[in-house]
Amino acid sequence: MEKRAYFDLISNTNLKPKKIHVVEKPIADALGMNLDITKSTGTLVVDIGANTTEISVLSLGGIVLSRLIPVGGNRFDEVIINKIKKDKNFVIGEKSAELIKKTIGSAYVNDDSMPIYGRNLVTGLPSEITVTCKEIHETLSELFQNIVDSIKIILERTPPEISSDIYKMGVYVTGGSSRIKDLGRFIYEQLGLKVNLCEEPESTVIIGLGAIIEDPALAKLTV
């Protein structure tokens, strides 16, 4: 129903498109990372996006297994806001939470800290506090573990012949929140699999769609 809704939405616009194709996000991700998913080789792609994390096993140009969990960058920001409000009686906005996540957010504790501005709930006045990496790590660690646990579930359900390919090639991690410091290392130490990170994780889907548009041979990967 969702796919049909997208078809209808585009077809009824002023663009007057001649053809409409739908591409599954994991497939666009893989193409954006320059992976050849048309062969029988198995590929594991993890996209940690804004609202969700999608974990997919790809082979022969299609999705073998996929799992979507409600953990992503916006969820990270939300729990940071709630943690600071609860522990410090201090209110910050979404932009400040995102800045904290990008600056001192880490899958492992370190000595980093940063000042942050917001409103003191006790006085009601604008103020400044210092937030440490340890505090943010404690806030985000459960979400990091949720992602790894979901990857494990997919791996347990993956056919043995595809599992061997994943063992050799490792896991490909993309999406904006894959930039969080040491998250790749955390996934590696939890799974024992090589972790391949992208240089432009926010853009892999767009790059993949561009590859399909430019190469007619890839049109078979669309719906």
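Me: Against which elements do the buried residues of α7 pack in this predicted model?
Reply: The model is a predicted one. Helix α7 spans residues 183-191, and its buried residues are L183, G184, F186, I187 and L191. These buried residues pack against β1 (43-48), α5, β7 (171-174) and β8 (195-197).

Me: Within what arc do the buried residues of α7 fall, seen down the axis of the helix?
Reply: In α7, L183, G184, F186, I187 and L191 are buried. Seen down the axis, they line one face of the helix, because they fall within an arc of 160°.

Me: Which residue just after α7 takes a positive phi?
Reply: Helix α7 covers residues 183-191. Just after this helix, a phi of about 75° is taken by G192.

Me: Is S150 buried or exposed?
Reply: S150 belongs to helix α5, which runs over residues 133-157. A residue counts as buried under 20% relative accessible area. The relative accessibility of S150 is 5%, so S150 is buried.

Me: With which residues is S150 in contact, leaving aside its neighbours within four places in sequence?
Reply: S150 is found in helix α5. Once its neighbours within four places in sequence are left aside, the contacts of S150 are I55, R67 and I69.

Me: How far apart do the centres of the positive and negative side chains lie in the protein chain?
Reply: The protein chain holds 223 residues. Its side chains include 26 positive and 29 negative ones. The distance between the centres of these two sets is 3 Å.

Notes: Residues numbered from 1 in each chain as written. Predicted model: local features only at pLDDT ≥ 70, side-chain atom pairs only at ≥ 80, totals over all residues. Heavy atoms only, no water. Buried < 20%, exposed > 50% of the residue type's maximum accessible area, 1.4 Å probe, protein only. Lys, Arg positive; Asp, Glu negative; His and termini not counted. Charge placed at Lys NZ, Arg CZ, Asp CG, Glu CD. Helix = DSSP H or I, 4+ residues; strand = E, 2+ residues; numbered from the N terminus. Contact = heavy atoms within 4.5 Å. Arc of directions from axis to C-beta.
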